[in-house]
Amino acid sequence: MKSRRPYLLRAMHEWISDSDCTPHIVVDAAMKGVDVPRQYVRDGKIVLNLSWNATAQLSMSGDEISFNGRFGGASMTVRIPFDAVLAIYARETGQGMIFADDEGGPAPQSPDPTQPP
């Protein structure tokens, strides 16, 4: 099956935004394909504001989240593979979702009931 993470991230982003709160994501900045401003990475992670006001051309499709943002006055294109997102939450309330390391991997196989153990 496909990973649930992209679907859950999009749904949580919509729910947080519709609740008039500010969606933030926690990103594992060390993962392959992550393109973020490195000067803001702390302990291998970065927290990014994904509100419509803080981003331009926000896209959560394909295999990644991408947007244009301003960091310290400089414009930058940010790219984050969905698998690098560790959590999404509302800044104002802290409500959100944490993703397990194995989220999106293949589901464990159920034993075949027709085969002996």
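A pocket here is an open set of points on a 1 Å grid over the protein atoms alone, where a 1.4 Å probe fits and protein lies on both sides within 12 Å along at least five of seven lines; lining residues have an atom within 4 Å of a point. The volume of this second largest pocket is about 160 Å³, taken as the space filled by probe spheres set on the points, with grid points joined across faces, edges and corners. Helix 1 (residues 5–18) gives the largest share of the lining, 3 residues. By residue class, the lining comprises 4 nonpolar, 2 polar and 3 charged residues; Ala, Val, Leu, Ile, Met, Phe, Trp, Tyr, Cys and Pro count as nonpolar, Asp, Glu, Lys and Arg as charged, and the others, Gly among them, as polar.

The model is predicted, and local features need pLDDT of at least 70, side-chain atom pairs count only at pLDDT 80 or more, and totals for chains, interfaces and linings use all residues. Residues are numbered from 1 along each chain as its sequence is written, and side-chain values use heavy atoms, with hydrogens and water left out.

Turning to the overall fold, the protein contains 1 helix and 7 strands, arranged along the sequence as α-β-β-β-β-β-β-β. Helices (H or I, at least four residues) and strands (E, at least two) are DSSP runs, numbered from the N terminus. Of the 117 residues, 38% count as buried, where buried means under 20% relative accessible area, exposed over 50% and partly exposed in between (1.4 Å probe, protein chains only). Among contacts between residues at least 6 apart in sequence, 52% join residues at least 24 apart; a contact means heavy atoms within 4.5 Å.

Strands of a sheet pair through backbone hydrogen bonds, either parallel or antiparallel. In this model, an open sheet of 4 strands has the order 2-1-6-7, with antiparallel pairing; two strands pair if DSSP finds at least two bridges between them. Strand 2 (45–49) and strand 7 are the edge strands, each with a single partner strand, so one side of each has no neighbour in the sheet. On average, neighbouring strands of this sheet are turned by 20° against each other, direction ignored; axes are lines fitted to C-alpha atoms, for helices over the stretch in contact, and angles run from 0 to 180 degrees between N-to-C directions.

Strand 6 (residues 85–90) is mostly covered, with 5 of its 6 residues buried. Strand 6 pairs with strand 1 (residues 23–28) in the antiparallel sense over 5 bridges. In these pairings, H24 has Y89 as its bridge partner in strand 6, and V26 has A87. Towards strand 7 (residues 96–98), strand 6 is joined by 3 bridges, again running antiparallel, and A87 stands opposite I98 there. The hairpin of strand 6 and strand 7 has 5 residues between the strands, and G94 takes a positive phi near 80° in this hairpin. Helix 1 lies across strand 1, strand 6 and strand 7, running at about 20° to strand 6.

A further open sheet consists of 3 strands in the order 3-4-5, paired antiparallel. Its edges are strand 3 (56–61) and strand 5 (74–81), each pairing on one side only. Neighbouring strands are turned by 20° against each other on average, direction ignored. Strand 3 is joined to strand 4 (residues 64–71) by 4 antiparallel bridges, and I65 in strand 4 is the bridge partner of M60.

H13 is found in helix 1 and is buried, with a relative accessible area of 2%. Leaving aside neighbours within four places in sequence, L58 is in contact with H13, L50, W52, I65, S66 and F67. The C-alpha atoms of L58 and V78, 20 residues apart along the chain, are separated by 9.5 Å.
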